Amino acid sequence: MTSRSRKAPLVSTDPTTPDPTTPDPITVAPITVALPKGRLQGETLDHFAAAGLPVPGDFGRRLVVTSPDGSLRYLLAKPADVPTYVEYGAADLGVCGLDVLRESGREVYEPLLLPYGYCRLALAGHVDRPDYPLRWENQPRVATKYPRLAAAFFRERGVNAEIIELSGSVELGPLVGLAELIVDLVDTGHTLRANGLAELRVIMQSQAVLIANRASFRLRSQQIQAILSRLAAALPLDQPANTQ
Amino acid sequence: MADSRLPAPIPGGVADHFWTDAALRESLRARLLHSFHQWGYSDVLPPAFEYAETFDSRANPVLREELYRFVDRDGSLLALRADMTIPVARLVATRLHDAPMPQRFCYAGSIYRYGDTRAGQQREFWQAGVELIGEAAPAADAEILVLALAALRDAGIGQAGIDNAGVGHAGIGDIRLAVGHLGFFDALMAELSLSASGKDALFEAVDGRSDGALHKFLQGTNLTAEQRAVVAALPSLSGTDYDEILDRAQSLCLSDAMRTAIDAMRAILAHVSFYGDDGARSLYVDLSEIHNLGYYTGLTFEALTVGLGYPIASGGRYDSLIGTFGSGQPAVGLAINLDRILYLQQAAAPRSASGPLPAHVLVGGEADAAFHSAVAALRAALPELRVAADLAHRLDLSDFTAFAARVMPWLALWFDGECFVLSEGSQFQAQSGRLTISEVIELARTHMTSHAQRTAMTPEADGSR
């Protein structure tokens, strides 16, 4: 974890670090933030920068980058892995979509919703599929990247769906007869329409969320609360204010 | 591999512990039990399985789902021990109810939960803990909090001085005790008279410290301005400045029951401070901590430390649990997760490869009466010494040099009167002449003493860790 060599430059470069003669292991190390590679990465860094938090200019090929002042350490992870890094405490904070967080079932705190990454997790099927209550289904075959959420959605309706887990291009399922339904993220709906599919139900609304490790949140509360209040202050006005 | 047989598999979520791992585990277990004994706790060894009903009606829904259930030969439904507190409560309520109170019990053993293996917890995991039964005073809650801290320190977590010197245990940081009180939240819930779904929504928002979910809950629920103020403030009722937090919580109280919980917290924290600064410095008050194994009624806490993303110990007060078995008693307890402490110890001081617990002295020779009486004399003279007998007469110096240098601080071979000593990773050196038993005892004593002195100076150099 916190090695001596990583602490040393931090003490001299970060003006907010307490008196270097009494290094407190709880507060000297940088706060580690797990960033999702891809779609949410740019917007997250923009939002952090707008909140006045130090962000790295460029990751290059590196997966871990410490901010110039040493107060924040960013790691780049696959989006679905962000909740895992945070639950284990390998990262103190992380940013991911609510959809990914719920699918992961990881036990983390989720102190702040962030104003981007809006989309919805939806159930879709053939355009010409007649609309009837889903509880009339016997055992539909459902292709998805979200097996837990999809299964739970049907279970709540008393239906045991046959969940077919795919890792991408889920729209293919109904086209080639693999599945009659899909559960997938929908943003504009263009992809669905282009493939002869239509949205049947919204399963959940998703957006980016800041998550926190349950131990770090309380062990390093001062640093984390400082970051939270900056991020909350940078939210647009129609967002719920951070209550802290 | 010449042998193509598959290794005999074991089910997911359990592990074989052997060699160094097992030795570390047993020594940690002994150390924690010793700490508990020092505070006047007596051992209790609950059975490994009980009637499932014993757990079913007392655990929370998650724990109930995680029970390993099976059918006894007479058809009754049994469950593996999924918790230590419930069996101890059963024992006290049904058999020890008329013994003098308070009763102090400590234990260390395996717990079985059929859950998803998650952060730092397998399906069989090890807990060491205590139950303090028959004492309702805040001083009892404080004893448990301070004992948790003391036992964790005895186990090498967050020892003051070691971190600050930056030596050795850089990964084992200081301890923080996150302390909450279920009375506050339960009394608030009682005031709000929410629907079942409203209760769930509020619980999830507070448990996840989610401002978004809390905002949504407030928008969708009809509450008075006063009620809204408490709910909205819940996530902010946490931090190290606990006087300020409890003052603020007091000003938000809607009922006497809520005020009682805050008063109880104050009394407990005041008692913790009587033990000295260490306890008070470790405290982090968190009134939004509402986790409940199913039987907690008042104080709850989790011990946290840098280097681990989940608690290393937890506990709380359970004043109603014992009464569900018959005669009621107030009680409070703690449980330390051994697996997590072992993980921290390993992360802090990466050790050499695991191996069997090595002997200090290996005695070879014709295994006759004289041989065994020499071995026995050696064992009797130095009780700390580990003496192994080379029964099969296989002793070969070259085999041992490489092995012993890796795992042993020192090793003596005594073979047909000839004695060789390996020390500090160098080659075996023959001692001059044939040694008598008393000379070998003296030699072993010298090596043990000098090794103990070196170990005292540099703790991490201890070859047995």
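## A parallel pair in chain A

In this predicted model, strand 7 (residues 141–144) and strand 9 (residues 181–186) of chain A run parallel and are joined by 3 bridges. Strands here are DSSP runs of E with at least two residues, and helices are runs of H or I with at least four residues; both are numbered from the N terminus. Two strands pair if DSSP finds at least two bridges between them. A:Val142 stands opposite A:Leu181 in strand 9 of chain A.

Helix 5 (residues 147–155) of chain A packs on the sheet. Helix 5 touches strand 6 (119–126), strand 7, strand 8, strand 9 and strand 10 of chain A. A contact means heavy atoms within 4.5 Å. The direction of helix 5 makes about 165° with that of strand 8 of chain A. Angles run from 0 to 180 degrees between N-to-C directions; axes are lines fitted to C-alpha atoms, for helices over the stretch in contact.

## The five-stranded sheet

What is the strand order in this open sheet of chain A? The 5 strands follow the order 8-7-9-6-10, with mixed pairing. Strand 8 (162–165) and strand 10 (197–206) of chain A are the edge strands, and each pairs on one side only. From one strand to the next, the twist averages 25°.

## A three-stranded sheet in chain B

Chain B has an open sheet of 3 strands in the order 2-4-3, with antiparallel pairing. Its edges are strand 2 (49–51) and strand 3 (69–71) of chain B. Neighbouring strands are turned by 35° against each other on average, direction ignored.

Strand 2 and strand 4 (residues 77–80) of chain B pair over 3 bridges, in the antiparallel sense. B:Glu50 has B:Ala79 in strand 4 of chain B as its bridge partner.

## The two chains overall

Chain A has 9 helices and 11 strands. Of its 244 residues, 51% are buried (under 20% relative accessible area, with a 1.4 Å probe and protein chains only). Chain A exposes about 11300 Å², and carbon and sulfur atoms supply 51% of it. Areas come from the Shrake-Rupley method with a 1.4 Å probe.

Chain B has 17 helices and 17 strands. Buried residues make up 50% of its 465 residues. Chain B exposes about 21000 Å², with 54% supplied by carbon and sulfur atoms. Among contacts in chain B between residues at least 6 apart in sequence, 67% join residues at least 24 apart.

## How to read the numbers

Residues are numbered from 1 along each chain as its sequence is written, and chains are lettered from A in the order in which they are written. Local features need pLDDT of at least 70, side-chain atom pairs count only at pLDDT 80 or more, and totals for chains, interfaces and linings use all residues, while side-chain values use heavy atoms, leaving out hydrogens and water.
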